[in-house]
Amino acid sequence: MHRSSLIIASVAAALLALPAMAQPGPGMGAGAGMAGGGAGPGMRPATDCTAATNPEQCKARQEAHQKVLEACRDKRGPERRQCMHAQAQKTDCSQARNPQQCELRKQAYAACQDQVGPAFKRCVQEKMPPVDCSKSVDPARCAQHQKARELCKDKSGPEHRQCLRDALAPGK
């Protein structure tokens, strides 16, 4: 059930990375950094699922992400973005940990599909309702994260991450 949410998150992460991957950086010719599994400059290697809390779920998420990438491999630019959005819409929410949230996320993706990068992320965040912390395993932690997200919602990139760190672990 949680797997579908992770698949959607993986697709979203891939979609958010598209503008950065669209143009080669200085000294990078066509295809530079793409050998060896596609882990080029700025890309993290695949997560080691043996160290994950739920190795099965981790493997399933990686396989689903690989299928999405494979389905859109031959496409570039706006056509690739459209393909990635279409793949996100194919997610089966009946298997999700929270099917209602999965459906809401799919609707948010559909409503924001004409945007890219940080604008897409902001749009999805605005369209998604807040998480119901009463259903969380740790309601206090959930509430703390909700407050941090609200506090940092107007920031993006490294500034957003630093804001979250400061809000969640003050004094470190």
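Predicted model: local features only at pLDDT ≥ 70, side-chain atom pairs only at ≥ 80, totals over all residues.
Me: Let's start with helix α6. How far apart are its end C-alpha atoms?

Reply: They are 20 Å apart. Helix α6 covers residues 139–152, which makes 14 residues, and at 1.5 Å a residue it should span 20 Å, so the two values agree.

Me: Which residues of α6 are buried?

Reply: C142, A148 and C152 are buried in α6.

Me: And where do the buried ones sit when you look down the axis of α6?

Reply: They fall within an arc of 125 degrees, so they line one face of the helix.

Me: OK, what do those buried residues pack against?

Reply: The buried residues of α6 pack against α7, which is residues 157–168.

Me: What about the other side of α6, which residues are there?

Reply: You'll find A140, K147 and L151 on that side, and they are exposed.

Me: Switching topic. How many residues does the largest nonpolar core have?

Reply: It has 12 residues. Among them are I8, A88, F120, V124 and M128. As a general point, nonpolar side chains in soluble globular proteins tend to be buried together.

Me: Which elements give two or more residues to this core?

Reply: Those are α4, residues 99–111, and α5, residues 117–127.

Me: Pick V124, then. What does it touch, leaving out residues up to four places away in sequence?

Reply: V124 touches R105, A108, Y109 and C112.

Me: New topic: how many salt bridges does the structure hold?

Reply: It holds 4. One of them joins the side chains of E70 and R73, at 3.0 Å from N to O. In general, side chains of opposite charge can pair when their charged atoms come close.

Me: Is E70 buried, exposed or partly exposed, and what's its relative accessible area?

Reply: E70 is partly exposed, at 46%. R73 is partly exposed too, with a relative accessible area of 46%.

Me: What about K75, which residue does its side chain meet in a salt bridge?

Reply: K75 meets D74, at 3.5 Å from N to O. K75 is partly exposed at 22% relative accessible area, whereas D74 is exposed at 61%. The cut-off explains the label for D74: exposed means over 50%.

Me: Last one. How far apart are the closest N and O atoms of K153 and E150?

Reply: They are 2.8 Å apart, and the two residues form a salt bridge. K153 counts as partly exposed at 46% relative accessibility, and E150 counts as partly exposed at 48%.

Technical notes
Residues numbered from 1 in each chain as written. Heavy atoms only, no water. Helix = DSSP H or I, 4+ residues; strand = E, 2+ residues; numbered from the N terminus. Expected span 1.5 Å × (residues − 1). Buried < 20%, exposed > 50% of the residue type's maximum accessible area, 1.4 Å probe, protein only. Arc of directions from axis to C-beta. Contact = heavy atoms within 4.5 Å. Core = buried A, V, L, I, M, F, W, Y, C linked by side-chain atoms within 4.5 Å.
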